[in-house]
Amino acid sequence: MRVKVGGEQRDVRTLWREKSTIRLIDQRILPHTFEITSLKDHRETAAAIRDMVMRGAGAIGVAAGYGMAQAALEAKDLSLNEFEAYFDAAAERLRKTRPTAANLFHAIERCLDAAKGVSVSDRVEAVVAEADAIAEEDLAASKRMGEYGNSLIEDGACILTHCNAGALAFIDYGTALSPIRSAHKQGKRVHVYVDETRPRCQGARLTAWEMEQEGIPYSLIVDNAAGYFMRKGEVDLVIVGADRVAANGDVANKIGTYEKAVVAKENGIPFYVAAPRMTFDLKCEKGDDVEIEERDHDEVRKMWGVDEKGNAMRILISEEKANVRNPAFDVTPSKYVTAFITEEGILEPPFKESIRKAFA
Ligand code: RI2
């Protein structure tokens, strides 16, 4: 993606590998501060996934793959038995970071499968190559989702999106925002309604920032306003990303997605989910089988921001010990999904068949 840093335009990926170090944009401090940070070993990478230094299903999948590559490199001088024990423990550590996004588990399994060579050095080489391949595939998939999804966007369209399924949620381009980028680049006039997406405000902090960087017209709205604009006829289509799609087409995505989908259907507005192969979990039969992450209660009680002098701060907005529930995701039943935008094309209902045909 193109970003403006200190008055200069610069092309940057969300995260990348430099030997055994991962370099990435620190998403916790955007949009107020743009900073590239480093993760030196797989333990730091696991902590960064858990603490959401980077987030988004695609990005955490790539980070998990890179984390496996780091673990392999850390163990390169061990005996074969010791290597296996170290590598399996690293996989377990990375698996425990965030439970919902399918990409994370697919990436770890792919790296475990790659580590089958006879010698430790063969295994290290294969794992590093696999991690790099995952990143490049994700990049190619998001570009293709952009091209396919662009065909669904008419000149003048108003598009609602939830959370951040943009370049920051991937290596670049994104899922839901990739078609919007393509449409804008092609000269179509689009307007994006950006849900703020409490509690972590990925819409307000990240999607709005991406729209600013690209010069795509948008309006930031509070989560509660989406229904208002849909009912008024000001939204032509909804595009969201996904953290896991079950074999029957049920979608686990950021909390609040379900409500948007129901209101879209009620108002006859198409509801699209943009997701690559790595987000589909064909072993998961239905959405109710997806583990939904519950996060820290302080995410609901408090908000992050900067004061008028630009100093970062976190403020309490409720009773200090307010009783809280904080599910990070919800499940949208497939009947509310108009179609999936994937790197294999647009998948239409019946989804059991179209998903199996595209990805089995
Ligand atoms: P991609 C986010 O979760 C949201 O659920 C968002 O829709 C999804 O990841 C985007 O992932 P979080 O990681 O579909 O910010 O773009 O909690 O890969």
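Start by selecting the loop between β4 (21-25) and β5 (36-39): Proline 31 is found there. Keep in mind as you go that this is a predicted model. Leucine 30 and proline 31 are joined by a cis peptide bond, with omega at about 0°.

Next, jump to the loop between β18 (345-347) and α11 (351-359), where you will find proline 350. Show proline 349 as well. The peptide bond that runs from proline 349 to proline 350 is cis, and its omega is near 0°.

Now let's turn to the ligand. Show the ligand together with the protein around it: the space it takes is the largest cavity. There are 19 residues around the ligand, and the ones that come nearest are Gly58, Arg98, Asp243, Asn253 and Lys254.

Which parts of the chain build the shell? Domain 1 (2-142) and domain 2 (146-359) each give at least three residues to the shell around the ligand. Then highlight α2 (57-74) and β11 (251-254), each of which supplies at least two residues of that shell.

Zoom in on single contacts next. Select arginine 55: an N or O atom in its side chain is 2.9 Å from an oxygen atom of the ligand. Move on to glycine 56, where a backbone N or O atom lies 2.9 Å from an oxygen atom of the ligand. Then pick lysine 254, which has a side-chain N or O atom 2.7 Å from an oxygen atom of the ligand. To finish, show the protein as a surface. How much of the ligand's accessible area does the protein cover? On its own the ligand has 450 Å² of accessible area, and the protein covers 100% of that.

Notes:
Residues are numbered from 1 along each chain as its sequence is written. This is a predicted model: local features need pLDDT of at least 70, side-chain atom pairs count only at pLDDT 80 or more; totals for chains, interfaces and linings use all residues. Side-chain values use heavy atoms; hydrogens and water are left out. A residue is near a molecule or strand if one of its heavy atoms lies within 4 Å of it. A polar contact is a pair of N or O atoms within 3.5 Å; within protein, one must be able to donate a hydrogen and the other to accept it, and residues adjacent in sequence count only if both atoms are side-chain atoms. Accessible areas come from the Shrake-Rupley method with a 1.4 Å probe; for residues, only the protein chains shown count as cover. On a 1 Å grid over the protein atoms alone, a cavity is a set of points where a 1.4 Å probe fits but cannot get out, and a pocket is an open set with protein on both sides within 12 Å along at least five of seven lines; lining residues have an atom within 4 Å of a point. A molecule sits in a cavity or pocket if more than half of its atoms lie within 2 Å of its grid points. Helices (H or I, at least four residues) and strands (E, at least two) are DSSP runs, numbered from the N terminus. Domain bounds come from an automatic or database domain assignment.
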